[in-house]
Amino acid sequence: MVHFTTILFFEFALYSLWGGAVMNLGTQKHRDKYYAGIDNLDYLGCFAMTELHHGSNVQGIQTIARFDPQTDEFIIDTPNEGATKWWIGNAAVHGKFAAVFSRLILPGNEPDEVLDMGVHAFVVPIRDLDSHKPLPGVEIRDCGYKVGLNGVDNGALKFHSVRIPRENLLNRFGDVSRDGQYTSSLPTINKRFAATLGELVGGRVGLAHGSVGVLKTAVTIAVRYSLLRQQFGPPKQPEISILDYQSQQHKLMPMLASTYAFHFATVYLVEKYSEMKKSQDENVIADVHALSAGLKAYVTSYTAKSLSVCREACGGHGYAAVNRFGALRNDHDIFQTFEGDNTVLLQQVSSDLLKQYKEKFQGGTFNVTWNYLRDMMTTYLSEANPVIARREGEDHLRDPKFQLDAFRYRTSRLLHTAALRLRKHSKSLGSFEAWNRCLNHLLILAESHIESVILARFIEAVNSCKDRNARAVLKLLCDLYALDRIWKDIGSYRNVDYVAPNKAKAILRLTEYLCFEVRSVARELVDAFGIPDFALRAPIGMQSGQYAEYTQFVGF
């Protein structure tokens, strides 16, 4: 059976990337020509952006689209080995078209002069629609076996003077007339580039949401097995479930809480993305761009680490291929890289925070998701309240206001100190080296901000839940998510006396108690994900008869 992640990637490449490029970067003439074929799978296509030598630095790609005014065509060329399009999904076997990102080159006013108008996207046919053979001038190779997702035909493409009509330029943000004149509503290459990439944000939204699905699957398998598996116990008494051990609870219960937190955060992201597509409001667009970058990076990194924890939590049986941790881990691993390397995406979040921080002090306003920083910056600049720093009662620690204030205080402090450090180092090192000198600080800042957003969405979900019993369980999970995160970064809070020593100990004790409490409803919480056994496909994770399924698999 094809893995869910392989199906997800195929649909992702076909619709979000190839189809999304045509629909979002093209104009009505492109939608009229290609939409029906994309929708009914006659026009299987691929998204050809990444090159052998350039991935994250898209503005550095080298493939050329040179306009020939005599024939009214663009000539697509791969000028060197490094410009070979690489890791292109659907290219090796299935793709008939490619959205090829290239440098648009126009003839200048002088005989030998050329004008580089920056990166644009072009529809390039790569295979004959009838014979399915590569078209003249197009070289196609398979990139070979990968760590995972080997059901996806990632290929490499080279172009040798491939001619396409001028109309194949996806011209929403820039166009070329019959006589070779370039026009655009956006004044600079950088603005056109930002607008182009901004229209492809749906891929990040899909990956963040899909990664939560993978995490739900892994947590479901690990929790169900941990409830089933019995190991040791008090003298002369039955063995106990391994989920009754504090160490197993410590591994899995905060992860279960995080899974619910990520669910609500990514649902919110999808809603904001839908709002963006409908309204085209500039503030919503900016909000979604940064939020999708941060959530994609944060959630996929967390899921990748959690898959190994789940495998270890299931002992030797977690190592059996049939129980799927290996396949899930291998197929999901690339989620951390495609649609933006996670380290690069977190820097985008930090860059946006710093930009708005600067504008705030010049009289500007924060985007919707960052609004809390407006007030918290003032709080940060004041001394920590010694009374609050020492309060350690359960009611206080489980108060959403305390939790959210703690998250936002940390983000505000990180933002303020990052701005000071960058200003200091820029004077002696220049902006690029200053950024590199502060890079680890900036990555932590981005993660802290995203955690604040996730917690805010979780608290909102708790408050809006109408069922009293369900709301109580969600509140339990939300408290565990918040306090576990605070404890994991307790050193930062202690360093600035935001949390006193006794309060830190109280946070740890309460976190352990909440893990114990969540364990009592763990089965119901994973069942609520609604993953049917035929989709889960892991014998040790079935809703019943786990051992029977497992032994039957090996032939008993």
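**Rings, charges and a sheet**

Student: Is Tyr-498 buried or exposed?
Tutor: Tyr-498 is buried, at 14% relative accessibility. Buried stands for under 20% relative accessible area, exposed for over 50%, and partly exposed for in between, using a 1.4 Å probe and protein chains only.

Student: What kind of model is this?
Tutor: The model is predicted, so local features need pLDDT of at least 70 and side-chain atom pairs pLDDT 80 or more, while totals for chains, interfaces and linings use all residues. Residues are numbered from 1 along each chain as its sequence is written, and side-chain values use heavy atoms, without hydrogens and water.

Student: What about Tyr-409, buried or exposed?
Tutor: Tyr-409 is buried too, with a relative accessible area of 6%.

Student: How many aromatic pairs are there?
Tutor: There are 16 aromatic pairs. Rings of Phe, Tyr and Trp (its six-membered ring) pair if their centres lie within 6.5 Å; planes under 30 degrees apart are stacked, over 60 edge-to-face, and the rest tilted. One of the pairs joins Phe-67 and Phe-74, which are tilted at 55° between the planes and 5.3 Å centre to centre. Phe-67 and Phe-74 are both buried.

Student: And how do Tyr-409 and Tyr-498 pair?
Tutor: Tyr-409 and Tyr-498 are stacked, with 4.3 Å between centres and 25° between the planes. This pair links distant parts of the chain, 89 residues apart: Tyr-409 is in helix α12 (residues 400–429), and Tyr-498 is in the loop between α16 (490–495) and α17 (501–519). Helices (H or I, at least four residues) and strands (E, at least two) are DSSP runs, numbered from the N terminus.

Student: Which residues form a cluster?
Tutor: Trp-18, Tyr-34, Tyr-43 and Phe-97 are linked into a cluster by ring pairs.

Student: New topic. Which ring does Arg-457 sit over?
Tutor: The charged end of Arg-457 sits over the ring of Tyr-268, 4.1 Å from its centre. The rule asks for NZ of Lys or CZ of Arg within 6 Å of the ring centre and within 35 degrees of the ring normal. The charged end of Arg-410 sits over the ring of Phe-407, at 5.5 Å from its centre.

Student: Now strands. What order are they in?
Tutor: The order is β4-β8-β7, an open sheet of 3 strands with antiparallel pairing. β4 (85–88) and β7 (138–142) are the edge strands, each pairing on one side only. Two strands pair if DSSP finds at least two bridges between them.

Student: How many bridges join β7 and β8?
Tutor: β7 and β8 (residues 155–159) pair over 5 bridges, in the antiparallel sense. Val-138 is opposite Phe-159 in β8.
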